[in-house]
Amino acid sequence: MISLLDLYHVLTAVVPLYVAMILAYGSVKWWKIFSPDQCSGINRFVALFAVPLLSFHFISTNNPYKMNYRFIAADSLQKAIVLTALAIWARFSSKGSLEWSITLFSLSTLPNTLVMGIPLLKGMYGDSSGTLMIQIVVLQCIIWYTLMLFLFEYRGARILIVEQFPDTAGSIISFKVDSDILSLDGKEPLQTEAEVGEDGKLHVTVRKSTSSRSEIFSRRSHGPNSGVSLTPRPSNLTNAEIYSLQSSRNPTPRGSSFNHSDFYAMVNGRNMANGVSPRQSNFGNLGYDEENGGNVSRTNGYPAPPNNGIISPVTGSKKKANGDGGKDLHMFVWSSSASPVSEGGIHVFRGGDYGNELGGVATNHKDYDEFGHDEFSFGNRTVANGVDKEGPVLSKLGSSSTTELNPKCAQSESKPTSMPPTSVMTRLILIMVWRKLIRNPNTYSSIIGLTWSLISFKWNVVMPAIVAGSISILSNAGLGMAMFSLGLFMALQPRIIACGNSVASFAMAVRFLTGPAVMAVASIVVGLRGVLLHIAIVQAALPQGIVPFVFAKEYKVHPDILSTGVIFGMLIALPITLVYYILLGL
């Protein structure tokens, strides 16, 4: 039976977190103490130092050799059940989709364990429950958040292929991604070039689009005082403004005169020596040149004049395409709400980084009610700084058309597009996930913390007092600063419930009812009983985790729903978890 003293202990552990959050909210919304610039600085400190060191502290002090494997198995089984059910639904249901599967998986299985779970469960069930929460945090940081990244990058790669290669995706046998591309999240304008190998298969190169590169070149060449019309855009990576051409904010689709028949024509043109007739294309006839030993573009039986814009099958030169759109094999620009030039920095709790200056030109601050609702970002985006490189081109398929990537494009296809081989897709996604992880400070804090705990508890090695004290100064502030930063984010949002009341009700039902129900089933299956079963159910009823929302914001997959789950879920989490605590204690 739960006594009033037990409830008091729980409130003693949790209420200070809400005090920090409410103070931050009032500091911006009511009292106007902090400007948006100052909020950005606080959020950046939390992202780069406070939260990573807090994660390191918890993980490094947890004994990995005394982990409760049955409890971990219950948590993993819950996530496996939900993931399997959503995969089946997305695969076989007409209403299923990858986007909703990712969102529902986040809502039902990824709670705010680090910031909210550890103090709450300690107040309810003692210090032993805090150790169990740390074990969950280790799995979340190393396994489940990485899986989320994998799913988001898979979605980005799938959209890229469906839009770019709707008829020839099955012929792709390799992807090469330029090193300056950090993600397929749609924030950077990208282009693809497909090279036909000797076996007739496609070797695809993904690089930043020429429009993005020309933006950077113009910014560097002309500067802020030139005659070029430039729009200042805040940079999250440096203290300098990033200037981009105004026309780049809304890329205009352009037609391409190269369609997929050209690809087939070029491949089939290899059979000309055997008497096989070439296919027709928009270039005229793609014939086989016996003297040059390769495919040439012909118009009315004669070699076509040199191209100046599009990457042609043979010459590799470029020209502006003004042909029809159709189902062209084209380059497209992934457009965000800001300029296609990608943002930079590493941010977990971030409300924007406005107010930087260059050459005496300062940005105009947004109003409090408008600022920050599109800037709560995990980061891992850098400013496009590549230069266009010219080199030998074999037989490449490409175009100069651009179009804005629509997350619904994959659903609008009249027929399913065949995907490249699984090994090819897996390698592409792993490359992108790796590039994201190595730029995330939480990755290093989790891995270093786990490594130290393995060494420390194996050979009883004690961390030097100087190092331990240096870490504890910031890690002790991590919990309060994380809640304070969350309050700043709440204050900068135009609406607490961003996705509408009906969708918010559905999301809260998934978060606080479906998640705990599946966890109860998984815990019973693995044999959890008594207090362990109660801890497993209550931790599944915690509010929505922050990192899944940040991923959703980056990849533009239902960020309004996840934002509501974080903000509104945090407000109602305390009474809901108390109800679970009381009912389970009866």
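**Entry 1: a place to begin**

Where is Lys556 found? I looked it up in the loop between H14 and helix H15 (559-585). Helices here are DSSP runs of H or I with at least four residues, strands are runs of E with at least two, and both are numbered from the N terminus.

Before going on, I noted that this is a predicted model, in which local features need pLDDT of at least 70, side-chain atom pairs count only at pLDDT 80 or more, and totals for chains, interfaces and linings use all residues. Residues are numbered from 1 along each chain as its sequence is written, and side-chain values use heavy atoms, with hydrogens and water left out.

Back at Lys556, I found a positive phi of about 55 degrees, although the residue is not a glycine. Lys556 has a relative accessible area of 31%, so I wrote it down as partly exposed. The scale I used calls a residue buried under 20% relative accessible area, exposed over 50% and partly exposed in between, with a 1.4 Å probe and protein chains only.

Asn460 also went into this entry: it is not a glycine, yet its phi is positive, about 55 degrees. I located Asn460 in the loop between helix H10 (441-459) and H11. Its relative accessibility is 66%, so Asn460 counts as exposed.

**Entry 2: the whole chain**

I stepped back and found 15 helices and 14 strands in the chain. Of its 586 residues, 54% count as buried. Next I looked at contacts, meaning heavy atoms within 4.5 Å. Among those between residues at least 6 apart in sequence, 80% join residues at least 24 apart.

**Entry 3: H5 against H13**

How do helix H5 and helix H13 cross? The axes of H5 (residues 113-125) and H13 (residues 531-540) come within 11 Å, and they cross at roughly 145 degrees. Axes are lines fitted to C-alpha atoms, for helices over the stretch in contact, with angles running from 0 to 180 degrees between N-to-C directions.

I listed the residues that make the contact: Thr113, Leu121, Met124 and Tyr125 from H5, with Val531, His534, Ile535, Val538 and Gln539 from H13. They divide into 6 nonpolar, 3 polar and no charged.

Gln539 of H13 got a closer look. Its relative accessibility is 2%, so Gln539 counts as buried. Leaving aside neighbours within four places in sequence, its contacts include Phe71, Asp75, Pro111 and Met519. Gln539 and Asp75 are 464 residues apart in sequence, while their C-alpha atoms are 9.9 Å apart in space.

**Entry 4: aromatic rings**

A pair of aromatic rings is described by the distance of the centres and the angle of the planes. Rings of Phe, Tyr and Trp (its six-membered ring) pair if their centres lie within 6.5 Å; planes under 30 degrees apart are stacked, over 60 edge-to-face and the rest tilted. By this rule I have 9 aromatic pairs.

Phe34 and Phe484 have ring centres 5.9 Å apart and planes at 90 degrees, so I logged the pair as edge-to-face. Phe34 lies in the loop between helix H1 (4-29) and helix H2 (36-60) and Phe484 in helix H11 (residues 465-491), so the pair ties together parts 450 residues apart in sequence. Phe484, at 17% relative accessibility, is buried.

Phe152 and Phe551 are edge-to-face too, at 6.4 Å centre to centre and 70 degrees between the planes. Since Phe152 is in helix H6 (residues 127-164) and Phe551 in helix H14 (residues 546-555), this pair ties together parts 399 residues apart in sequence. Phe152 is buried at 1% relative accessibility, and Phe551 is buried at 2%.

I also found Tyr25, Trp30 and Trp31 linked into a cluster by ring pairs.

What is the relative accessibility of Leu430? It is 48%, so Leu430 is partly exposed. Leu430 lies in helix H9 (residues 422-437), and its C-alpha is 9.3 Å from that of Tyr154, 276 residues away along the chain.

Pro166 sits in the loop between H6 and strand S1 (172-177). With a relative accessible area of 13%, Pro166 is buried. Pro166 and Met419 are 253 residues apart in sequence and 9.1 Å apart in space, C-alpha to C-alpha.

Key. Ala, Val, Leu, Ile, Met, Phe, Trp, Tyr, Cys and Pro count as nonpolar, Asp, Glu, Lys and Arg as charged, and the others, Gly among them, as polar.
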